[in-house]
Amino acid sequence: MPELPEVEVVRRGLERWVAHRTVADAEVLHPRAVRRHIAGPDDFAHRLQGHRIGTPSRRGKYLWLPLEETGQAVLAHLGMSGQLLVQPHEAPAEKHLRIRVRFADALGTELRFVDQRTFGGLSLHDTSPDGLPDVIAHIARDPLDPLFDDEAFHLALRRRRTTVKRALLDQSLISGVGNIYADEALWRSRLHYERPTATFTRPRTAELLGHVRDVMNAALAVGGTSFDSLYVNVNGESGYFDRSLDAYGREGLPCRRCATPVRRRPWMNRSSYFCPKCQRPPRTTP
Ligand SMILES: [Zn+2]
């Protein structure tokens, strides 16, 4: 599943390759790749035709292409294996090509949505005055957003009777932090994932947010990290990069700080990786 840095890498690719191009036509090769569109895939394709794509935008893991002067945007759902590829017209169709968008210019490339498992797709939505697709209006800003409010996040942490990793994955508090980067930021912060947030001090919240931003920026610097070999970024290069990880996926390997073997524990149908020495579990209250 791509996380924020991977999605940002795709967004940057789209900004470079498809922004400000006008759609000549769209072809839907698999109806399920067009989501939540009652009027059907042909109507979806028709609604893109003739419109210029604005600057591709992102909030958390959500990525969309604004359609200029329509008040609408195309939201991309990458799901587990979805890819947005910019390919030369003459490149052979991918085995799992679902949607093809051609442009009214002579640049010679087209946008393709490819998805092996058809969990992902594209959908068309009205946008709010600030350009956000209506279906993601409830999603909080992400920590790389210049308008993310650190103080409001701290106060929300204090108010909620929750634990730190649940809070990091709560998209109404902070968006774009998934399992991998939550474990990485918690390792850097020396915080156990079950630590209650009610007692967090401002410095502790600030340190945690700093580490969340650092791990994401580090991943961005190397083109995103992904554990799904099917995931390929918009230029067709693999975004796979794992050497920057300190906790996630390192069960049994020595902690890079103290050499204690990293542990893995089941957590909400996923796993949490942590160092039992650097990240002490909170004392259990009876
Ligand atoms: Zn350690």
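A residue is called buried when its relative accessible area is under 20%, exposed when it is over 50%, and partly exposed in between (1.4 Å probe, protein chains only). By this criterion, six of the seven residues of strand β6 (residues 97–103) are buried, so β6 is largely enclosed by the rest of the structure. Helices (H or I, at least four residues) and strands (E, at least two) are DSSP runs, numbered from the N terminus. The model is predicted: local features need pLDDT of at least 70 and side-chain atom pairs count only at pLDDT 80 or more, while totals for chains, interfaces and linings use all residues. Residues are numbered from 1 along each chain as its sequence is written, and side-chain values use heavy atoms, with hydrogens and water left out.

**Strands around β6**

- Two strands pair if DSSP finds at least two bridges between them.
- Strand β1 (residues 23–28) runs antiparallel to β6 and is joined to it by five bridges; Asp25 has Arg102 of β6 as its bridge partner.
- Strand β7 (residues 109–114) also pairs with β6 in the antiparallel sense, over four bridges, and Leu97 has Val114 of β7 as its bridge partner.
- Five residues lie between the strands in the hairpin of β6 and β7, where Gly108 takes a positive phi near 85 degrees.

**Zinc site**

- Donors are N, O and S atoms within 2.8 Å of the metal (3.2 Å for Na, K and Ca); water is not among the atoms, so sites may look incomplete.
- The zinc ion has as its protein donors the SG atoms of Cys255, Cys258, Cys275 and Cys278, at 2.2 to 2.3 Å.
- The four donor atoms subtend angles of 99 to 115 degrees, which makes the arrangement tetrahedral (four donors with all angles between 85 and 135 degrees).
- Cys255 lies in the loop between α6 (202–221) and β9 (263–267) and Cys275 in the segment after β10 (270–274), so the pair ties together parts that are 20 residues apart in sequence.
- Cys255 is buried at 4% relative accessibility, and Cys275 is buried at 0%.

**Nonpolar cores**

- A nonpolar core is a set of buried Ala, Val, Leu, Ile, Met, Phe, Trp, Tyr and Cys residues joined through side-chain atoms within 4.5 Å.
- The largest such core has 37 residues, and Phe153, Leu168 and Leu208 have the most contacts inside it.
- Another core, of 27 residues, lies apart from it and includes Leu14, Val23, Leu67 and Leu124.

Definitions and conventions:
Four donors count as tetrahedral if all angles lie between 85 and 135 degrees; four count as square planar and six as octahedral if opposite donors are over 155 degrees apart and all others between 65 and 115; anything else is irregular.
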